[in-house]
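These are my notebook entries on selected contacts and elements. The entries follow the order in which I looked things up.

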Amino acid sequence: MKREYLGMCILGLIFLSIVTVNSEGIKGPYADEVYIEIRDSLDNAIVDVASGEFDMCNDPLEGTKYDSLPETITSNIYTVANCQFSTDILLNPCTGDDGSPVVSFEGTDWFNVTGDKEIRYAFNFLINRQYIIDNIYSGYAYPMYGAVDVNQPCHGELQQVYEELGLTRTGDEQSAIQTINNRMEYWATQLSGRLEKVPDPGSPTGYWWYFDGNLLEFNAMIRIEDERLEIGRYVADQIEKCGIQVIRQEGEFLALVDIVYFNDPKTGPPDNWNMYTDGWGHGMTLFPEVAITLMYAPWYGNMPGRQEENWWNYTHNDLDTLTKKLVNGIVSGTQEYWNLCRQSYKLGIQEAVRVFLTSSWEQSPVNNEVTGICYNPYKGIVGRWTFITARTLDNELKTITFNIRQFSYPKNPCFLNYFLGNLGTYFLRPVCDRGVEKNPNNGELFPFRADYTVEKSFHFEENNIIGDMNVPSNAIIYDPVNNVWQEVGSGHKAISKVTYDFKFSNWHNGYPMSMVDVRYYMAWGFEWASEDGEGDKYYNEMWSYVMSEKLNDIGGIVFLDEDTIEIYGNYQHPGSDNIIARYFDFFPQFPWHIYEAMDYLIENGGPITGNDYNYEEFIDLLDPNMMPDLKAVLQHFIDTDYVPNIIEDCVTVNEAKTGYQACINWIALYNHALISNGPFYMEIYDPDNMFIILKAFRDPTYPYGPDDWDTMFETVDSQITMTVTNDSIQLREDAEISVNGITTGTLAKFTTDPSRVNAENSIEKYVDVYVPETSCTNQIEIRVYYDESMLNGLDENSLKLYWYDGNSWKECSNTGVNTVENYVWALVDDTTTPSLKELLGTPFGGFGNPLTAKIAAFKPVVMYRLNEVNELLSEIEEKLPDNIPEDIQALLDKAQEHIDNANKTGNPVYANNELLKAIELLNDILTQL
């Protein structure tokens, strides 16, 4: 029935595209402009968003900030949850040469309490995570026992590790204190009196531990910017219950991180450290090997010592072996993959160099008039796609962001995607496209600016993966020592091959992207990751750290045509070919002309200012002080007919000069050189006045426009997150969840079918229920409200709530309809389908059975009205002037709304009434014309 009515008003739909402002043919995002105001405080952010002065706050705010707000504010906003931020304590595992906690530094010994593994592990039980949740986060958090939190899609595969280790929310304080005391007593015996208890009435235990006659001090580095201040103080109090005095070194990020991460862990007093209140933001992922490796494995360079030569370095051969197998794909299948994940995860938790505590629930306020946001059920609106998909009434998006290091880092290619934190997320990521992107709804990677196919062929020999795929002898690789592309020759094998078909466009400066950019960017990557010799100016240690392994895995490259490339590589992933495609993705984010000009500055210095440059500090594409030097270099390239030797066989002098000039023109216009390829471009970057303006890139060569985003992602119309006890979470008039117990939940409404299945017999209303922590919850009732206009020819009494299991819509096992209050309901508990544990971003929708054929008797009436509407539309179209008056346009929009309503419904009575309203408006228009 629904499909029949959708086809009725063909002329009306065509007419809409002629007379209304719409996105057909337009490229780029929905919004024409994004204004980002950087603030030192977000205290007034919610009020400013509710008043309409701003459309959203990019940063999530603590849940408690919403608790006491009046309805005059909360009724004007919806909230988008963010649970990506986790807290942990990083413990210094440094030991002496003999493996004891006695560490020697510059001739002085000091006792490192956390050098004892059993003491470190006891912190898992010494700390009551539920206390932190209740008293520091006021319930807006949930416990974490390892580096992968419960919101991740992959978490279910790791849950058993916590059960095996006996980790709980509340811990076991007395047992932990006993363990720590036993270990201290053990070392006191081993050290023959150097470590001893000294009575002291000021201690919580009646004594303090002393080492070599001096009070043993435990140095706790405690961040002050957020809840980590209170967490650090709480943990310090717990440690002192063991007779170990804690020195609370409270400070800001930059000061403390320099001590903890950028000093030798064996550094002695007064600059030593034992504990740091760490914190991490996480993205959604289907596979946890990178998170496990990053947070636990020494070889990856993120553990104490950071693999710095001549420093003391934390080592663990088993963790290195397991995680290298995972990261390098030396895994026979999914079963072995998950077994290795669990083994390495368990080892990392037991080593307790990082002890994870909580992940917090925070919420970003969004004004009710903002719709269509593509949000991440894990990160909320903090992500690349928010600015691109958000819709406002005036096509301008006004946002607020917190000033935490927003203008501190240089905006250069080495650091663009890795170390810019919120700054990169909020305005660099929407400006720069990559070939392979991540779907924020489910963590899946997908082709974006490059379609691709992946092939694999390999076998295993002991702990090695051996490629079986022949690399063509004419495949090439870049030689960074001799600065030439060279053929790999015959006899080489690869594990995988990815064929990319790039979707090029113009750069923001109007110069066309091409395979020249790809070829240059790959050679540039090889050059800066390779140290050719001592003093090599074209070498960056951080870039090498990030990229060298990936570059070493490239076995050969074949440039097939003007937009297609094959990369033969020595990498595979047992769970996803998309990850392989992302791994070898070299879609460039800057024109080659900019890379070459920056390199010239590093080698030769600034021709105008005389400044020295390097990629760590002084190359900043947004720094106006660098622009005179950059323009001068580009002009020098024009004057000397310069073409880099690595691309001289594929670009002419005139083509190169045109590109140089396009960059100069851009810099002259915008006073920055952040020239990229995304749906937004940087118009204004003003750190002095603390604001940024992004403008939509409407170039016709850009491959995507506003209409593409809805088909690419699930977009959310509204969302709310609340912590409740035997209460309900209501999403305006659309839906609610009633909770029997205690939990924090998120309820969101989708603008389109999130399954993309386009299932029939739907009331076309979809919600998402997200309740990650249900241990204190007995039952949840989900209600989706409707009105008769949504029935689409369905029998109201047959309505039931369905859930999407990732493959298809399934009827909930305990569901029904309330036809008096007009809602479809489902009860969810541990025994139902879905169960409480499956409410991790689960879509629900109402479905029913079609009414009997008696409705068909009304069809002639509706057809008569449709013919009348179409005749009026044709007559109006002939009389419309080129410039349509605003009042006429408003009437046309209103008429089209009624036509759309008639198109969408399967109820002929409702359709007839809507068409009568449209006819009345169309006659009014004819009278005025």
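**Charges over rings.** I looked up where the charged end of Arg519 sits: over the ring of Trp485, 5.9 Å from its centre. Lys197 lies over the face of Tyr207, at 4.5 Å from the ring centre. I applied this criterion: NZ of Lys or CZ of Arg must be within 6 Å of the ring centre and within 35 degrees of the ring normal.

**Basis of the entries.** I note that this is a predicted model, in which local features need pLDDT of at least 70 and side-chain atom pairs pLDDT 80 or more, while totals for chains, interfaces and linings use all residues. Residues are numbered from 1 along each chain as its sequence is written, and side-chain values use heavy atoms, with hydrogens and water left out.

**The sheet β9-β10-β11.** I turned to an open sheet of 3 strands, in the order β9-β10-β11 and with antiparallel pairing. Helices (H or I, at least four residues) and strands (E, at least two) are DSSP runs, numbered from the N terminus. Two strands pair if DSSP finds at least two bridges between them. β9 (195-199) and β11 (214-215) stand at the edges with a single partner strand each, so one side of each has no neighbour in the sheet. β10 (residues 207-211) pairs with β11 over 2 bridges in the antiparallel sense. Within this pairing I found Tyr210 opposite Leu215 in β11.

Helix α9 (residues 173-190) packs on the sheet and touches β9 and β10; its direction makes about 40 degrees with that of β10. Contact means heavy atoms within 4.5 Å. For the angle, axes are lines fitted to C-alpha atoms, for helices over the stretch in contact, and angles run from 0 to 180 degrees between N-to-C directions.

**Helix α12.** Which residues of helix α12 (residues 289-296) are buried? I recorded Glu289, Ile292, Thr293, Met295 and Tyr296. Buried means under 20% relative accessible area, exposed over 50%, and partly exposed in between (1.4 Å probe, protein chains only). Their cover includes β14 (275-281), α13 (317-327), α14 (334-351) and β15 (354-360).

**Aromatic pairs.** I found 61 aromatic pairs in the structure. The rings of Tyr571 and Phe584 have their centres 6.4 Å apart and their planes at 80 degrees, so this pair is edge-to-face. Rings of Phe, Tyr and Trp (its six-membered ring) pair if their centres lie within 6.5 Å; planes under 30 degrees apart count as stacked, over 60 as edge-to-face and the rest as tilted. Tyr571 lies in the loop between β29 (564-569) and α19 (577-583), and Phe584 in the loop between α19 and α20 (592-604), so the pair ties together parts 13 residues apart in sequence. Tyr571 is buried at 5% relative accessibility, and Phe584 is buried at 0%.

**Cysteines.** How many disulfides does the structure hold? I found 0 disulfides, a disulfide being a pair of cysteine sulfur atoms within 2.5 Å. For Cys432, the nearest cysteine sulfur is that of Cys663, 14 Å away. Cys432 is buried, with a relative accessible area of 1%, and Cys663 is buried with 0%.

**Lys879.** I placed Lys879 in helix α24 (residues 859-879). Lys879 counts as partly exposed at 43% relative accessibility. Leaving out residues up to four places away in sequence, Lys879 touches Leu926 and Leu929. The C-alpha atoms of Lys879 and Leu929 are separated by 6.8 Å, although these residues are 50 residues apart along the chain.
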